[in-house]
Amino acid sequence: LESVAYAMANQDVRYYLNGLLLEVNADGIRTVATDGHRLSLCFHTVDMPHIEQSRQMIIPRKGVLELSRLLRSDCQVPLQLQSSQNHLRVQLDNLRFTSKLVDGRYPDYRAAVPGGGQIQVDLDRKAFKETLSRVAILSNEKFRGVRLSLSENRLKVEANNPEQEVTDELDVHYAGKDFSIGFNVTYLLDAVNHLSGETLRLHCNAPESSVLLTDPDDDTVRNVIMPIRL
């Protein structure tokens with residue numbers, strides 16, 4: 001839940017986005033959240049051969065936040081999930097949590113997750129995060145835009161506002177064509193912060209296509225961000 005909940009919408013007219021998709025099938029549990037501008041997906045492998053048909057449930061935002069609080073990362077107690085047409089029940093030791101489910105159809109998230117990408121660049125996650133944080137200070141307050149520009153062994157990060165502009169650079173292993181793409185820096189930082197490895201991989205196809213961020217050593221979490229024009 002914690003890996004993807006940040007990407008949930010908040011008070012969106014598309015009410016089904018104001019929550020988190022929980023998908024359960026025979027080989028595991030998948031959680032998905034999106035606000036239409038970004039998407040986060042996490043898959044946890046669990047062998048559940050008794051489940052014959054995949055089930056999708058949309059947990060409302062309030063229920064997700066409460067469940068995240070109850071299911072602490074240091075909690076080692078097994079839990080049980082029970083669902084009906086309109087409710088989800090979680091049994092955790094002596095605690096029972098019940099949430100009403102959102103009545104709606106979640107978008108096809110699989111269509112929104114890009115493939116491997118023609119351009120793949122590995123970045124030091126901590127260094128990239130620090131660079132984004134520095135540049136974000138001078139990004140436009142309304143659009144929060146930053147531009148990433150790839151050239152041979154170099155990633156340039158730029159932002160500007162009506163008074164100033166700032167540029168920072170990172171050394172990377174890259175030998176492809178020059179490439180430039182813009183993002184909302186808040187969305188980009190959120191995606192970086194919700195990967196836990198030392199390295200992150202940036203998968204790009206075209207300046208107008210969504211970008212995938214993953215941990216090259218852990219493919220259970222996939223974060224997708226739509227670009228913006230700058």
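I start with classes: Ala, Val, Leu, Ile, Met, Phe, Trp, Tyr, Cys and Pro count as nonpolar, Asp, Glu, Lys and Arg as charged, and the others, Gly among them, as polar.

This is a predicted model, where local features need pLDDT of at least 70, side-chain atom pairs count only at pLDDT 80 or more, and totals for chains, interfaces and linings use all residues. Residues are numbered from 1 along each chain as its sequence is written, and side-chain values use heavy atoms, without hydrogens and water.

**Cavity.** I looked for cavities (sets of points on a 1 Å grid over the protein atoms alone where a 1.4 Å probe fits but cannot get out). I found one cavity of 30 Å³ or more.

Which residues line the largest cavity? I noted L67, L70, L71, V90, L92, L95, R96 and F97 (lining means an atom within 4 Å of a point). By class, seven are nonpolar, none polar and one charged. The largest share, three residues, comes from β7. α1 (61–70), β6 (87–92) and β7 (95–100) each supply at least two. Helices (H or I, at least four residues) and strands (E, at least two) are DSSP runs, numbered from the N terminus.

**Y174.** I found Y174 in the loop between β11 (165–171) and β12 (179–184). Is Y174 buried or exposed? Y174 is buried, at 8% relative accessible area (buried is under 20%, exposed over 50%, partly exposed in between, with a 1.4 Å probe and protein chains only). Beyond neighbours within four places in sequence, Y174 contacts I119, V121, L150, S151, E152, N153 and F179 (heavy atoms within 4.5 Å).

Key. On a 1 Å grid over the protein atoms alone, a cavity is a set of points where a 1.4 Å probe fits but cannot get out, and a pocket is an open set with protein on both sides within 12 Å along at least five of seven lines; lining residues have an atom within 4 Å of a point. Grid points are joined across faces, edges and corners, and a volume is the space filled by probe spheres set on the points.
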